[in-house]
Amino acid sequence: MSFLQELHKPDILDCISHLSSDEVFTPPRVVNEMLDTLPQELFKSPDTKFLDPCSKSGVFLREIAKRLIEGLTDKIPDLEKRLDHIFKNQLFGLAITELTALLSRRSVYCSKDASGEYSVVHFDNPEGNIEYKRTYHLWLKDKCMMCGASKSEYDRGEELETHAYSFIHTDEQRNSALFKRLKEMKFDVIIGNPPYQLSDGGAQASARPLYHLFIQQAKKLNPRYITMIIPARWYSGGKGLDSFRDEMLNDKRIKALVDYVNSSECFPGVNIAGGVCYFLWDKDYDGKCLITNIKNGEKNTPQTRFLSEFDTFVRDNDAISILNKVLISSNKFMNDVVHSRNSFSLPSNERGHKDKKDNDCLLFSSEGKSYIEKTKINDKENILKLFKVVITYAMSGGNKPGSDGKYQIISSPMILKSNEVCTETYLIINVFEDEKMANNLVSYIKTNFVRFLMLQTLSSIHITKNSFQFVPLQNFNEEWTDEKLYKKYGLTQEEIDFIESMIRPME
């Protein structure tokens, strides 16, 4: 039995990767797909340095070690010397908690104590090159100035983890010793699966994304390559991600991007709204990005295009030809008429009363119909007396397709009449004085065509004004059907079949 066979049977890290958390463990299969995007010559050089700045299970360093052990056979023929060189000079990690530090060392060194007798190589200290130092948030009033974490949530005693990850709590001014040391090490590759979010102390489990901070910090260290796997929510921006989206879309050093529409195809049993992706950033590259979509267990034909082709990154290569036909033929889009959220200043937890009183309005909330005093309504847009077409703010069915592999995208649209209002659970698409025009809008947004165009913008479960940026504004004096729209925009039968393979018809 070979050394590697002895080390890796059975693979416990495959089991750990099935656990659900905002700190998701990466399956070895996905790690190797990410490593395949790198130039393979890196694994044949005894000088290549790798850093995992957010080590959880140690799987990235372990799989890199396997490649280096094989790749350096000719240059360092003696196995014992080869192992000693690789683990001491080429592989480095920053663990995100004390527990994951132990787990990572066990995976990489075969011992949680790198100085112990069972370690693959002997270090002079128990950590080896996988370190964990308890780090503290730097509070500025009620938030951490480095990561935005809530002081009320994470200003903790010594018995609890701070979740102040060392890699993103250092720069040239604050905790500068670590930053200086990492920069001086001149890593060739920074690779990992960073923590995704932390509570920011807002209402209803509000959270602030973190993963973009790891990417931005990695770039500051000026490596040759960065590859990380992260949620795909950044495609359309959103909370804390708008500037990061712009930065990513306009960064021509991103050489390749692999997109999973359904996160469970990447992380079995884990549902991450909007899916996930991994990318390869190459310091010396300047050009288009090779984009690969993975859905329903299949890879589509990779396509080379600029990430900045549209304001929102369009993940699906097969959708590009359809979007281009729509954009060439249109100059006005529905996002110009869709209302901002919470048009009546009624929060989602607003509840009315059962029995109607004089001057009450009918209220629609997530719990159905009730009545509310007109004095509680802020009709700031002067739309109370109009016909209002609404859908729920949350995507119907979440971000996952149904058992038929198709999406519905929106809830069944409703028309609210005069003196009928809704909480922010609903989004107002448009308003009319004429009920017929409202009905024609309903028929329009229920088409497969419209919902397919919306799908191209969605990377979370929420539907906003921006979700309609590719949906052309029509004349709502007439009724719209898919057949009419397919003809208007000159779609081929292949393009029609693609739309209808993705979108479930609505009654």
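**Close-up 1. Bridge between Val390 and Met414 in a predicted model.** Val390 has Met414 of S18 as its bridge partner. The structure is a predicted model, in which local features need pLDDT of at least 70, side-chain atom pairs count only at pLDDT 80 or more, and totals for chains, interfaces and linings use all residues. Residues are numbered from 1 along each chain as its sequence is written, and side-chain values use heavy atoms, with hydrogens and water left out. Strand S17 (residues 387-392) is joined to S18 by three bridges in the antiparallel sense; two strands pair if DSSP finds at least two bridges between them. Helices (H or I, at least four residues) and strands (E, at least two) are DSSP runs, numbered from the N terminus.

**Close-up 2. The salt bridge between Arg315 and Asp259.** The closest N and O atoms of Arg315 and Asp259 are 2.7 Å apart, forming a salt bridge (a side-chain nitrogen of Lys or Arg within 4 Å of a carboxyl oxygen of Asp or Glu). This pair links distant parts of the chain, 56 residues apart: Arg315 is in the loop between strand S14 (303-305) and helix H11 (320-329), and Asp259 is in strand S10 (residues 254-260). Both Arg315 and Asp259 are buried; buried means under 20% relative accessible area, exposed over 50%, and partly exposed in between (1.4 Å probe, protein chains only).

**Close-up 3. The network around Asp251 and Arg253.** A network of salt bridges links Lys219, Glu247, Asp251 and Arg253. Within it, the side chains of Asp251 and Arg253 meet at 2.9 Å, N to O. Asp251 is buried at 7% relative accessibility, whereas Arg253 is partly exposed at 31%.

**Close-up 4. Cys361.** The whole structure contains zero disulfides (pairs of cysteine sulfur atoms within 2.5 Å). Cys361 is in no disulfide, and the nearest cysteine sulfur, that of Cys422, is 12 Å away. Cys361 is buried, with a relative accessible area of 0%.
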